[in-house]
Amino acid sequence: MSEEEPQEQQDDEDLQYFVRIGQTDLDGTKSVERSLSEMNGIGRRTARLIADEASVDRTATFGRLDDDVIDEVVEIVENYAAEVPDWLNNRQSDFYTGETTHEIGNDLQLTRQHDINRMKMIDSYKGSRHKRGQKVRGQRTKSTGRTEGTIGVNVEEIREEQAEEAAAEEEDDE
């Protein structure tokens, strides 16, 4: 039993608990695919493609990889848009530049917020829906998406009222 403890401690020394890609800290205790998919702009399919491109086992623990392998994964993530076809990128035909890029991390959130603000400023249909806080993509709003108080029938309250009325009638009969 004492022989196993030093092995576990040595494994813990080799493990990087956080792997930094761009401005995001990824969990080094999880598999490569799962760690990458936690990053904004990278889903499971993209994470699998990145792991295949880096020739890394996608089920391997991310923090246990060598530093040069981790650097290679970081390089592939940063240059992802150049490696894949345009239809696989998440930012096709940018409004201002016309370029196709793949945004990750905080850049994705900022770009999305700029797009929404632009739609609000030009008062497009989607922008006006964003302003009012309504659904934007054509979902039904007659019965869902209500933000006001509870709407509908509260069965418990009706039963309590009926029980009180029945008790009041019984007292009147006596």
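At what angle do helix α6 and helix α7 pack, and how far apart are their axes? In this predicted model, where local features need pLDDT of at least 70, side-chain atom pairs count only at pLDDT 80 or more and totals for chains, interfaces and linings use all residues, helix α6 (residues 106-122) and helix α7 (residues 125-132) pack at about 100 degrees with their axes 7 Å apart, the axes being lines fitted to C-alpha atoms over the stretch in contact and the angles running from 0 to 180 degrees between N-to-C directions. Residues are numbered from 1 along each chain as its sequence is written, and side-chain values use heavy atoms, with hydrogens and water left out. The helices are therefore roughly perpendicular, a class that spans 65 to 115 degrees. I116, M119 and K120 of α6 meet K126, G127, H130 and K131 of α7, contact meaning heavy atoms within 4.5 Å.

Leaving aside residues up to four places away in sequence, F62 touches, among others, V19, I21, L26, I70 and V73.

Strands β1 and β2 pair in the antiparallel sense over 4 bridges, pairing requiring at least two DSSP bridges, and F18 stands opposite D27 in β2.

Conventions: Helices (H or I, at least four residues) and strands (E, at least two) are DSSP runs, numbered from the N terminus. Angles under 35 degrees count as roughly parallel, over 145 as roughly antiparallel, 65 to 115 as roughly perpendicular and the rest as oblique.
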